[in-house]
Amino acid sequence: MPRVAPVHVCSACGHETTRWAGQCPGCGEWNTLVEESRALPSARRGSARGRSAAVSPVPLGAVAAEGHRRLSTGVGELDTVLGGGLVPGALVLIGGAPGIGKSTLTTMALANLEAAGRRTLYVSAEESAAQIRLRAERLAGDAALKIPVIAETALETVCATLERERPEVCVIDSVQTLHSAELTGAPGSVGQVRDVAGEVMRVAKQLGIAVLLVGHVTKDGALAGPRVLEHLVDCVLQFEGERERTYRTVRAVKNRFGSTNEVAVFEMRDDGLVEVLDASARFVAEATRAPGSVVLCSMEGSRPLLVEVQALVSRSELVAPRRVVSGLDRNRVALVLAVLGRHAGIGLGASDVFVNVVGGVRVEEPGVDLAVALAVASAARGVPLIGGGAGAGGVDGGGRAGGAGGVPLACFGELGLTGELRTVAHPDRRLGEAAKFGLGSVVEPTSCPTLAAALASAFGRGRAAVPASSEPRPTPHAGLQTTGRFDSV
Ligand code: TYD
Ligand code: MG
C-alpha cells in the first residue's frame, strides 16, 4: 500500500503546502487551498538518480530539425492564430467563458479536418452525443455530422480510445470534466486537471495526435484551474468577447509554434461562427460620430484593426465616482484620466466615467491611450470629433470632407505621465488602414507630440471647435443633461 500524504494545493496558481492556510502563500489569493491526497513515491529519488545512465549533450546545430507539417483547420482565422495550422502532437488549450463558442469553434475545425480526409475524434465530457449532434446540425453544411464522437468522462477510457483509434486531431471538451479513477478529488480540482492534461499529453506526443483541450475560465477571466496547465501545453488560446454581443475574438497568449500577437475576429450567427475578415470596415461603418466617440487605429498582432472607443461622462451622485471600463484595462483608463486632469485641464473627479470598446473587442496595447483621452474629452465637452479633410496631423489619404455626418476621427498613441504622446509600434500600417477606410487625417504622436496638441488638433477640426486650454463649456447634449460644471478642474 503506498502511503498517502495530504497536500493543500492552490486552485488559482497550483502552489502546494502541507498545511492549510486561508491565504495562498504562492499568489496571495484567499480561500483557494484545497486538500488533495497523493501517494508518496515508494523509491527514494536519490537511489534512482544513482542508477541512471548519463547522456551525451549534442550541439544544437547537430540536432535534426523537424519540419512542422501543419494541419489546416479550414477556419482561416483560427489557423492564423495557431501560427499556420495545427502541429501534429501539439497540445492546444482553448479557454473562454461559458457560451462563448468554444464547442462550436472546435466542432467546426474538426468538421473541416474530417472533410479534408483527416482522422478526427471529439471527446465530450460535458454534453451527451445527442446534444453534440444538435449543435452539429446547426452548423452550415453537413460535414460536422461525420465527426466521430464519444461522450466519456473517464480519463483511462479516453486514453485507451485514443490509442486504439489513433486520430490525427482530437478535441477534449472539456479538460475540467474529465477525471481519473486513480486520483481522489473531484473532477476539475487542481490535481485532477493537471494529471488529466499530463496523461493526455503523454498519449498525444507518443502518437502524434494534435489535441485541442477546451478549458473553462474563472469569473475574472483567467483560465480556471492551476496555471501549471499553461506551462504544460504548447499553445494557449483565449476566447474573448461577451456572450450577448456578436463579435468574439480568439487570441494566442502562448504559442510554441507561432506568434502570440495574432488575433481572430468571429461573429456568432445562427449557423455557427463566421470569420469577420473586414472587421475594420464594420467597426468604422458602425461608429456613431456622436460626442464621446472616436476610432482607434489599433494593432491586433500583425494586423491593423480600426475599432470605435466610446466614453460617457456624467455628474456622479456617489462619493467615489464610478469608473466603468469594458474592453480595456481599468488601470490604463485611470492613468489617462489623471493625465487629462493634470495636463489638459479636464478634471473628472466629480463625474462618473464610462469607457467602452465597441463590439466586444478587447484592446490590450498602449496605443489606446489617446483614443480614451479624446473620447473622454469629447464626452465631457459634448462636442463630437469629426475626422477627414486636411487636418493638422497625420496622413490625408481619404480626402473626404469632415463636418456633420462626416467620417469619425481616427487616432492612436501612448500617453506619457508628463502629458507627452509616445510613438507606438507600426504607425505606417495603422495610418494605412485608416486611409483605406477613408479616415483622412489621423491624430497621432508624430504630428502631435503632446496631449494638449492632440486635443487642439482633434477639437480644432470639429464644427464646434473648443480650444484645449480654455475652461470647458457646458454644452447641450441629449446624453449629458447636466449643469456643465462637472468637467471643470
Ligand atoms: P457553445 O459553442 O456551446 O459555447 P461553449 O462551448 O463555449 O460553452 O455555444 C455558444 C452559444 O452560441 C450558444 O448559446 C448557442 C449559440 N450558437 C449560435 O448562435 N449559433 C450556432 O450555430 C451555434 C452552434 C451556437
Ligand atoms: Mg461547450
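Author: Let's begin with His426, which lies in the loop between strand E19 (421-422) and helix H11 (427-436). Helices (H or I, at least four residues) and strands (E, at least two) are DSSP runs numbered from the N terminus. This is a predicted model, where local features need pLDDT of at least 70 and side-chain atom pairs count only at pLDDT 80 or more, while totals for chains, interfaces and linings use all residues. Residues are numbered from 1 along each chain as its sequence is written, chains are lettered from A and ligands numbered from 1 in the order in which they are written, and side-chain values use heavy atoms, without hydrogens and water.

Reader: Why is His426 called partly exposed?

Author: Buried means under 20% relative accessible area, exposed means over 50%, and partly exposed is in between (1.4 Å probe, protein chains only). His426 has a relative accessible area of 40%, so it counts as partly exposed.

Reader: What makes the phi of His426 worth a mention?

Author: Most residues other than glycine have a negative phi, and most peptide bonds are trans. His426 is not a glycine, yet its phi is positive, at about 55 degrees. Asn31 also has a positive phi of about 55 degrees without being a glycine. Look for Asn31 in the loop between strand E2 (16-17) and strand E3 (33-39). Its relative accessible area is 63%, so Asn31 is exposed.

Reader: Which residues does the cis peptide bond join?

Author: That bond joins Asp173 and Ser174, with an omega of about 5 degrees. Ser174 is in the loop between strand E7 (169-173) and helix H6 (190-207).

Reader: How do you know whether Ser457 is buried or exposed?

Author: The relative accessibility of Ser457 is 8%, so this residue counts as buried. You will find Ser457 in helix H12 (residues 451-460).

Reader: What makes Arg251 and Glu240 a salt bridge?

Author: A salt bridge is a side-chain nitrogen of Lys or Arg within 4 Å of a carboxyl oxygen of Asp or Glu. For Arg251 and Glu240, the closest N and O atoms are 3.3 Å apart, so the pair meets the rule. Arg251 lies in strand E10 (residues 247-255) and Glu240 in strand E9 (residues 235-241), so the bridge ties together parts 11 residues apart in sequence. Both Arg251 and Glu240 are buried.

Reader: How far apart are the closest N and O atoms of Glu414 and Arg332?

Author: They are 3.8 Å apart, and the two residues form a salt bridge. This pair links distant parts of the chain, 82 residues apart: Glu414 is in strand E18 (residues 414-415) and Arg332 in helix H9 (residues 330-343). Glu414 has 23% relative accessibility, so it counts as partly exposed. Arg332, with a relative accessible area of 25%, is partly exposed as well.

Reader: How many salt bridges does the structure hold?

Author: The structure holds 19 salt bridges. One of them joins the side chains of Glu364 and Arg362, at 3.0 Å from N to O. Arg362 has 26% relative accessibility, so it counts as partly exposed. There is also a network of salt bridges linking Glu267, Arg269, Asp278 and Arg282.

Reader: Why is Leu60 called exposed?

Author: Its relative accessibility is 76%, so Leu60 counts as exposed. Leu60 sits in the loop between helix H1 (45-51) and helix H2 (76-82).
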